[in-house]
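Thanks for making time. Please keep the view open while I talk.

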Amino acid sequence: MPQQPAPNNRAESDAGLTEELAAAVASARRRALRDGDRQIDTAHLLHSLIESDPVVRAAFDGGPQLARVLGYLVQRSIGYGLRWQQAVEGADTSPVVTEAADEGWSPSASAAMAGASRRAGRRGRERAGGPDLLAALAADRECRAVEVLHRAGVDAALLADRIVEESGQG
């Protein structure tokens with residue numbers, strides 16, 4: 001039986017996330033456990049964001065595009081399609097592998113959560129929301145979430161730009 005990823009108190013602190021994003025993070029944690037993954041990765045975060053946040057869903061270019069993204073994410077969660085074979089996401093590019101692994105987060109997912117918080121701060125917000133995290137995910141060209149987006153025909157750079165334009169700031 002897989003072990004549940006350890007909590008990342010920094011990323012899940014009530015002071016740093018909107019209620020909607022905190023719910024999405026909790027869902028990503030459950031998804032990682034259910035999938036048998038040791039860590040929450042960016043694909044878990046993307047899947048949970050799309051399912052839980054209507055603002056995130058609206059950032060995509062219509063229903064067919066969103067359906068393709070969800071199709072890849074669902075295939076991955078049931079063991080088909082995209083496979084990363086228990087490899088640590090971002091391990092080859094991040095100096096925080098040990099810290100992130102101890103906390104139950106891939107280095108890329110941890111970096112995305114930090115990026116979402118920084119983005120919220122630049123917008124004058126105390127708490128990061130779903131669009132902040134989606135923008136951080138889309139901006140990391142090397143993460144699993146962007147691989148899913150790419151395979152589904154979504155231009156991650158255009159998605160990130162659209163989020164920035166809709167929020168009025170980076």
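**Starting from L49**

L49 has a relative accessible area of 0%, so this residue is buried. The model is a predicted one. Keep that in mind throughout.

Where does L49 sit? L49 belongs to helix α2. Which residues does L49 contact, once neighbours within four places in sequence are set aside? They are L21, A24, V56, G130, L133, L134 and L137. Look at G130 in particular. L49 and G130 are 81 residues apart along the chain. Their C-alpha atoms are separated by 6.4 Å.

Now zoom out. The protein chain has 170 residues, and 45% of them count as buried. Its secondary structure is 9 helices and 0 strands. Take the contacts between residues at least 6 apart in sequence: 66% of those join residues at least 24 apart.

I'll take two partners, starting with α1.

The axes of α1 and α2 cross at roughly 130° and come within 8 Å. The two helices are therefore oblique to each other. The crossing of α1 over α2 is right-handed. On the α1 side, the residues are L21, A24, V25, S27, A28, R31, A32 and D35. On the α2 side, they are H44, L45, H47, S48, L49, E51 and S52.

Next, α7. Here the axes of α2 and α7 come within 11 Å, crossing at roughly 140°. The cut-off for roughly antiparallel is over 145 degrees, so α2 counts as oblique to α7. This crossing is left-handed. T42, L45, L46 and L49 of α2 make the contact, with G130, L133, L134 and L137 of α7.

Is α7 itself enclosed or open? Largely enclosed by the rest of the structure, because 8 of its 10 residues are buried. Those are G130, D132, L133, L134, A135, A136, L137 and A138.

One stop in the loop between α1 and α2. D37 is found there. D37 counts as buried, because its relative accessibility is 14% and the cut-off is under 20%. The side chain of D37 makes a polar contact of 2.8 Å with the side chain of H44. Recall that H44 is among the α2 residues that meet α1.

**The core**

Now the nonpolar side. In soluble globular proteins, nonpolar side chains tend to be buried together. Here, the largest nonpolar core has 42 residues. Which of them touch the most other members? L45, L46, F60, V69, L133, L134 and L159. The elements giving two or more residues to this core are α1, α2, α4, α6, α7, α8 and α9. The most comes from α7, with 6 residues.

Pick F60 from that list. Residues up to four places away in sequence are not counted here. F60 then touches L46, I50, Q65, L66, V69, L134, L149, V154, L159 and R162.

R162 is worth a stop. R162 lies in helix α9. With 25% relative accessibility, R162 counts as partly exposed. Setting aside residues up to four places away in sequence, R162 touches A59, F60 and D61. R162 and A59 are 103 residues apart in sequence. C-alpha to C-alpha, they are 6.9 Å apart in space.

**α4 against α8**

Last pair. How do α4 and α8 pack? Their axes are 8 Å apart, at an angle of about 125°. α4 and α8 are therefore oblique to each other. α4 passes α8 in a right-handed crossing. V69, Y72, L73 and R76 are the α4 residues at this contact. From α8, they meet R144, V148, L149 and R151.

Just past the end of α8, G153 has a positive phi of about 85°.

**To wrap up**

L49 is buried, with 0% relative accessible area. Over to you.

Key. Residues numbered from 1 in each chain as written. Predicted model: local features only at pLDDT ≥ 70, side-chain atom pairs only at ≥ 80, totals over all residues. Heavy atoms only, no water. Helix = DSSP H or I, 4+ residues; strand = E, 2+ residues; numbered from the N terminus. Buried < 20%, exposed > 50% of the residue type's maximum accessible area, 1.4 Å probe, protein only. Polar contact = N/O pair within 3.5 Å; in protein donor to acceptor, adjacent residues only side chain to side chain. Core = buried A, V, L, I, M, F, W, Y, C linked by side-chain atoms within 4.5 Å. Contact = heavy atoms within 4.5 Å. Axes fitted to C-alpha atoms, helices over the stretch in contact; angles between N-to-C directions. Parallel < 35°, antiparallel > 145°, perpendicular 65-115°, else oblique. Left-handed = near helix turned anticlockwise from the far one by under 90°.
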